[in-house]
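Let's take a walk through this structure together. Keep the picture open and follow along as we go.

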Amino acid sequence: MKKELGTFLLLVLLCALVPVVEKLLGQESRFLSVTNLQNMARLIGMYGIFSIGLGLVIITGGIDLSVGSVFALLGVVMSMMLTEWGWPSALAVLATIGLATGLGALHGLLITKVRVQPFIVTLCGLLFYRGLARFVSSDETKGFGAAAGFETLRNVATGSLFGIPTPFVLLVIISVIMWVVLHRSVYGRYLFAVGRNETAARYSGINSQKMVASAYIVLGVLVGIAGIVFAFYTNSISPSSHGNSFELYGIAAAVLGGCSLRGGEGSIIGILIGAALLQVLQNLVNLLGIPSSLNFAVLGAVILAGVIADQIFQRRPARVKPA
Amino acid sequence: MAPILQMRSIEKRFPGVHALKGVSLEVSKGEVVALLGENGAGKSTLMKVLGGVHQPDSGEVLIDGAPAVIRGVSDATKYGVAFIHQELNVLDNLDVAANVYLGREPVRGGPLRLVDRAKMEEETKTHLARLGLRIAPDTPLARLSIAQQQMVEIAKALSLNARILIMDEPTSSLTLTETERLLEVVKDLRAHGVAVIYISHRLGEVKEIADRAVVLRDGANAGQLAREEITHDQMVRMMVGRDIDSFYQQPVGEKRPRYFEVESLRTARYPNQQVKFDVGRGEILGLAGLVGAGRSEAAQAIFGVDAAVESRLMLDSRPLQIRSSQDAIRYGVYLVPEDRRTAGLIVDMPIRENVTLPALERYAPAGLISFEKEKQGAAEVCKRLNVKAPTVETRAANLSGGNQQKVVLAKWLALEPKVLIFDEPTRGIDVGAKAEIYELMRKLAEAGVAIIMISSDMEEVINVSDRVAVMHEGRVTGVLTREETTEENIMRLAVGGQS
């Protein structure tokens with residue numbers, strides 16, 4: 001809990017500060033307007049869903065760099081399934097999630113059975129899926145047009161439930177499930193154990209390969225869900241740029257939320273706070289008239305500051321071991 | 001002889017701990033002084049003061065009769081103090097010469113500061129020769145045995161012209177012959193006038209090598225023993241401050257029916273050799289041999305953490321199919337691994353999570369963990385094993401070696417073991433905790449568990465085992481009954497002779 005506190009305070013501080021700054025600038029507060037909050041919730045939902053999956057992978061001591069390219073591939077393929085091949089919505093959704101899950105399983109297999117490092121496996125994935133997306137779409141931007149025949153699917157994906165955007169609702173449901181899985185179930189404890197010390201976990205009778213592979217599969221499922229929502233959100237999928245560097249947002253959210261890249265540390269709540277913080281920052285750049293070219297610079301600086309602050313607060317007095 | 005080193009009334013306090021309460025130590029040229037004491041007695045702290053890692057709060061250090069100020073490792077080196085740590089401090093991605101001269105490589109080429117390989121190798125060769133070591137200076141460290149790596153560290157100390165050599169548990173990962181070799185080296189250093197401070201829990205070695213033994217207890221001098229006074233009982237009494245009436249549980253050595261049988265086991269390390277032995281219910285079988293004899297590999301293959309080339313095992317006349325540690329655990333076959341900190345425990349996790357890890361389902365009705373149940377279960381075993389820790393939420397990393405070992409044991413005790421394999425169960429553990437571990441092993445045996453104890457500590461093998469199986473290069477060269485178990489017999493089999 002202590003580890004998420006710093007990021008949480010930063011989030012609260014930003015949310016409290018933005019309206020004040022807006023007032024000082026003589027603007028009307030757009031930050032707290034319903035439209036802005038809804039839009040932010042939608043983005044937090046989409047980013048949060050796959051950030052949780054990335055968090056899981058990071059807890060096992062792994063990484064996934066291919067998420068953004070997978071988004072492009074999923075978006076292109078789903079658009080083709082719905083608009084060109086005339087697949088029914090349900091089938092297209094299942095196939096898209098299935099494709100993402102399959103890629104996750106492939107990564108898991110390569111990492112655990114062939115023993116290629118996660119960084120390498122998913123770096124190759126990043127290149128490969130991007131290229132594949134551009135190839136299958138003949139490098140043409142894909143979209144959903146008028147969504148003829150799958151209006152319901154689009155309305156659900158881009159719509160709201162009692163004023164709350166669907167992606168955020170999905171995020172809440174997924175978070176609750178994943179919180180129980182990670183922090184209360186045997187599976188979750190095993191995941192932390194494998195991330196902390198794979199050897200000792202194996203010596204305690206845990207099938208560590210299965211645990212690691214499963215984390216990539218869960219990430220695949222979540223990327224599939226987020227990918228569908230995201231494709232409908234943009235409604236225009238340019239295979240060369242769709243989802244670009246999204247994996248970095250996910251990794252940043254997980255790290256801000258207290259996941260250690262060495263593995264074995266992290267929490268669902270932390271990842272959620274991290275994901276929210278990133279979106280609030282983005283929003284702030286837009287609202288406060290900061291040049292959008294500075295967008296990444298602001299993100300980078302805040303993440304670095306957050307991690308450094310965390311290091312300083314976390315640094316316990318050196319343990320004294322007499323003997 | 002004038003003492004080369006005098007440490008007088010050294011005081012050192014850490015937050016919450018009074019680690020050294022006016023400790024004094026003197027060592028002369030060409031003298032081997034054994035520094036004894038239980039874990040926590042202050043040996044390491046005292047040596048860290050000498051090595052410049054800690055500054056004393058008060059007291060003085062004199063070298064050659066003159067006050068010495070040691071503010072860091074480089075100061076210590078200047079005074080000729082060299083430290084051989086219990087954990088190896090070598091870089092196994094470099095070769096021997098690079099390790100010996102790490103940080104002070106001879107250079108040539110003026111401002112270019114190129115490493116003078118030729119000179120480095122030449123000088124390394126001289127130091128290695130002095131230790132009777134025939135290794136090429138360009139051999140990668142990774143290819144050497146632990147013992148050889150240790151010798152490289154000693155060579156490094158020699159190259160520093162060490163006059164005072166501190167050796168902290170140098171033999172804890174060495175086998176008998178390697179230990180013998182090391183002790184020869186120490187004797188040779190003594191003959192050359194080096195003052196040696198020798199820390200060891202292996203009292204047999206101390207008896208053999210020490211000219212004098214200085215005993216610490218609770219951060220103070222507990223007394224010292226002259227060469228002729230050094231006996232096992234004297235040392236133990238002084239270390240713990242009382243008699244340990246039955247340090248070793250008396251082995252029984254009676255014939256027992258076969259219970260756990262290794263009919264044929266071939267490991268990846270020795271695919272062409274067959275391991276064969278059996279253990280009776282209630283029996284402690286010692287597994288002796290040199291490092292590299294394949295004992296740990298056999299244990300890991302039995303437990304399923306390493307793939308075996310062939311594994312035919314029988315428990316109570318029924319064949320076992322063990323392909324993974326999950327299988328082994330299902331059958332009640334457990335391993336207490338050699339390396340507690342990396343394989344036995346997840347040191348960053350609390351005791352509770354470590355203890356419950358192999359049997360987590362028991363604490364998780366319907367798949368969800370009940371922290372209450374976990375806490376209770378963990379506290380219960382810890383109490384049974386006398387684990388000394390504030391609470392079960394204490395991180396395993398903060399426990400002493402002995403208590404860590406008990407936590408590893410606690411993992412398995414909750415699961416009613418049928419066969420328990422201990423790999424070097426008391427390595428680096430102090431005398432008091434050692435006695436407790438032996439007692440536990442005997443109790444488990446009496447409760448009907450078949451116990452296999454891999455040990456490189458000859459004294460331990462002889463005094464704890466009901467029978468001893470000896471391995472050499474991947475196969476069992478002989479099994480000794482209680483009556484046949486002698487140091488000579490074990491050694492003969494360990495080097496490949498026949499019984």
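Start with how chain B holds together along its sequence: of its contacts with a separation of 6 or more, 67% are between residues 24 or more positions apart. Keep in mind that this is a predicted model. Its overall scores are ipTM 0.84 and pTM 0.79. For chain B the average pLDDT is 88, and 97% of the residues score at least 70. If you go element by element in chain B, β20(B) comes out with the highest mean pLDDT, at 96, while α8(B) has the lowest, at 79.

Now step back and look at the whole of chain B. You can pick out 17 helices and 22 strands in it. Its C-alpha atoms fill a box of roughly 70 × 50 × 50 Å along the principal axes. How does the radius of gyration fit with a compact globule? A compact globule with 499 residues would have a value near 23 Å, and chain B has 24 Å, so the two agree. Buried residues make up 49% of the 499 residues here.

Chain B also comes with a domain assignment: domain 1 covers 3-240, and domain 2 is written in two pieces, 258-332 and 416-494. Taken over C-alpha atoms, the centres of these two domains of chain B are 33 Å apart. Where they meet, 19 residues of domain 1 of chain B are in contact with 14 residues of domain 2 of chain B. On the domain 1 side, the elements that give two or more residues are α5 (146-159), α6 (176-191) and α8 of chain B. Sorted by class, that side of domain 1 of chain B has 7 nonpolar, 8 polar and 4 charged residues.

Next, zoom in on one helix. α15 of chain B runs over residues 431-446, which makes 16 residues, and it reaches 23 Å from its first C-alpha to its last, close to the 22 Å expected. Which of its residues are buried? The list for α15(B) includes Val431(B), Ile437(B), Tyr438(B), Met441(B) and Leu444(B), and also Lys434(B) and Arg442(B). Among the elements that cover the buried residues of α15(B) are the helices α8, α14 (401-413) and α16 (458-464), along with the strands β15 (284-289), β19 (419-423) and β20 (450-454), of chain B. Just after α15(B), Gly448(B) takes a positive phi of about 105°.

Two other residues have a positive phi without being glycine. One is Asn161(B), with phi near 55°; you'll find Asn161(B) in the loop between α5 and β9 (164-168) of chain B. Is Asn161(B) buried or exposed? It has 10 other C-beta atoms within 10 Å, so Asn161(B) is exposed. The other is Glu416(B), whose phi is about 45°, and Glu416(B) sits in the loop between α14 and β19 of chain B. Glu416(B) counts as exposed because it has 11 C-beta neighbours inside 10 Å.

Finally, look at where the two chains touch. Here 19 residues of chain A are in contact with 33 residues of chain B. On the chain A side, α8 (186-196) and α9 (198-203) of chain A are the elements that give two or more residues. α9(A) gives the most, with 5 residues. The chain A side that touches chain B divides into 8 nonpolar, 7 polar and 4 charged residues.

How values were computed:
Residues numbered from 1 in each chain as written. Chains lettered and ligands numbered in written order. Predicted model: local features only at pLDDT ≥ 70, side-chain atom pairs only at ≥ 80, totals over all residues. Helix = DSSP H or I, 4+ residues; strand = E, 2+ residues; numbered from the N terminus. Expected span 1.5 Å × (residues − 1). Buried ≥ 20, exposed ≤ 12 C-beta atoms within 10 Å, placed from the backbone. Contact = placed C-beta atoms within 7 Å. pLDDT = per-residue confidence, 0-100. Rg over C-alpha atoms; globule rule 2.2 N^0.38 Å. Domains from an automatic or database assignment. Nonpolar A, V, L, I, M, F, W, Y, C, P; charged D, E, K, R; others polar.
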